[in-house]
Amino acid sequence: MQFVTSHYGGQDFSLVQALRNSIKSTCGTGAKLEILRPDDVNALDRFRGKIQALRDRVVAGEDGEELLLLDADTFVLRNPAEVFGDAEFDIAHCPRPGRFPTNTGVVFVRVNDRTRRFVDAWMAYTLAWGESEKLVAEAAKQSGGTDQAGFEQALAAETDAVVAELPYLEWNCCQDFEQAATDRVGILHLKGKWHKRLLKGQDTDLPAWVLDAWARFKPGKRWDEILRRLPGPQTDRPPVMAEVGVWRGACSSNVLSRHATVRMYLVDTWRAPEPGSSYADSGDQLAALNQENFDDALERTKRATRSHGARCVIVRQPSLRAAKMIRPGLDLVFIDADHSYEGCQADIEAWRGLVRDGGWLGGHDIDHEQFPKWNVGQAVREFVEREGCRLELGDDHTWFVRITK
Ligand SMILES: C[S@@+](CC[C@H](N)C(=O)[O-])C[C@H]1O[C@@H](n2cnc3c(N)ncnc32)[C@H](O)[C@@H]1O
């Protein structure tokens, strides 16, 4: 069985990471989530690109392939392979009583010619609903969205696909959480109104078992990934690390306040970049700001880290110069400065030698889908290949490599 979701930029990518975490935790580390990236994100109808991408995936699938099409705001709590094992069907979905009975957030598909014809029809109807603002509004009122209106029409049309209906509280639990038998829920679906609040850390009236699932699977932040790799505060020597690219000190202050003894070098120019430099052209929004903004960021860093006294040292220097000023033997270096290929490659080369044997070289913003111009991934993967080391990808677009000497 293959898990498939589509991420079309509208939602926070951390939802996709949370879904991936839940799949690995429930179905084992071998279970993979395929992420489709629709390129036609039509402003009029945001479902258009998603349904096209799902349709293309099903049509291109191999006969007999078992696909589970999931919205990004779902969590897998019980292995859905049993659904495919239990019943003969081509398409399975989870209708529920109420205003919008159809929800296309969870659709099980066995690939064959019947399902190929079904997804063709689903896409055609969805695209037709998306043709005018009036139709989009009508589909939203009638079915909760053009994709659902299109799905309902494809079901009602003469389809030769065998369609199964699954209990929605088990396989697409998207409301009525209080009524669900919590140990039977296979897929939890936290639609917009809930995941938006949870992502902002706001309170909700969700029951404890739902909040617990969220807490288990929501992706960590970059400082969680750093802290996981730093020696603990009980070790005889306090760990020492450098953060290269600090901005307002959000990451630094979180590391310092969550680790009682770590010492940090905070390296940043806090200078608006020279026009034409790799940083200025990297597509980074920060690089377009003026000196006043950078002065403000430095002040905020000082305020955010002041209470940690001598445990942190501000090094206001360009990365490559700072690397020559700091004593080697660091437990961890975290690179988060110029995300262009040239910038990141130069930082990796400058800082790798400062990491002690068994320490970590890592950084932020690898494979960031919202910023395709950044090229951290290429610089990191070339380094990993050349050195023959293992790349670890963490939450919040982080990467880490253990340095051995
Ligand atoms: C993405 S921000 C850092 C965010 C921070 N690590 C965090 O997690 O909150 C990038 C920072 O890198 C700094 N920077 C960019 N190029 C640099 C270079 N060559 N040397 C030093 N700092 C640099 C910028 O001034 C900016 O403050």
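Helix H2 spans residues 47–60 and helix H6 residues 146–156. They pack at about 45°, with axes 9 Å apart. Helices (H or I, at least four residues) and strands (E, at least two) are DSSP runs numbered from the N terminus. Axes are lines fitted to C-alpha atoms, for helices over the stretch in contact; angles run from 0 to 180 degrees between N-to-C directions. Phe 47, Lys 50 and Ile 51 of H2 meet Thr 146, Asp 147 and Gly 150 of H6. Contact here requires C-beta atoms, placed from the backbone, within 7 Å. By class, this contact has 2 nonpolar, 2 polar and 2 charged residues. Ala, Val, Leu, Ile, Met, Phe, Trp, Tyr, Cys and Pro count as nonpolar, Asp, Glu, Lys and Arg as charged, and the others, Gly among them, as polar.

The model is predicted: local features need pLDDT of at least 70, side-chain atom pairs count only at pLDDT 80 or more, and totals for chains, interfaces and linings use all residues. Residues are numbered from 1 along each chain as its sequence is written.

The domain assignment gives domain 1 (2–217) and domain 2 (222–402). Such bounds come from an automatic or database domain assignment. The domain centres, taken over C-alpha atoms, are separated by 37 Å.

An open sheet of 6 strands has the order S2-S1-S3-S6-S5-S7, with mixed pairing. Strands S2 (33–36) and S7 (163–165) stand at its edges; each has a single partner strand, so one side of each is left without a neighbour in the sheet. The twist averages 25° from one strand to the next. Strands S1 (residues 2–6) and S3 (residues 66–70) pair in the parallel sense over 4 bridges. Pairing requires at least two bridges found by DSSP between two strands. Thr 5 has Leu 70 in S3 as its bridge partner. Helix H1 (residues 13–27) packs on the sheet and touches S1, S2 and S3. The direction of H1 makes about 160° with that of S2.

A further open sheet contains 7 strands in the order S11-S10-S9-S12-S13-S15-S14, again with mixed pairing. Its edge strands are S11 (312–315) and S14 (391–394), each pairing on one side only. Neighbouring strands are turned by 20° against each other on average, direction ignored. Helix H11 (residues 250–258) lies across S9 (240–244), S10 (263–267) and S11. H11 runs at about 175° to S10.

Strands S13 (residues 355–363) and S15 (residues 398–402) pair in the antiparallel sense over 4 bridges. Leu 361 stands opposite Val 401 in S15. S14 also pairs with S15 in the antiparallel sense, over 4 bridges. Gly 394 has Thr 398 in S15 as its bridge partner. S14 and S15 form a hairpin with 3 residues between them. In the turn, Asp 396 has a positive phi of about 60°.

The ligand is surrounded by 20 residues. The closest are Gly 245, Cys 251, Ser 319, Asp 336 and Ala 337. A residue is near a molecule or strand if its C-beta atom, placed from the backbone, lies within 6 Å of it. The shell divides into 11 nonpolar, 4 polar and 5 charged residues.

Technical notes:
Contact = placed C-beta atoms within 7 Å.
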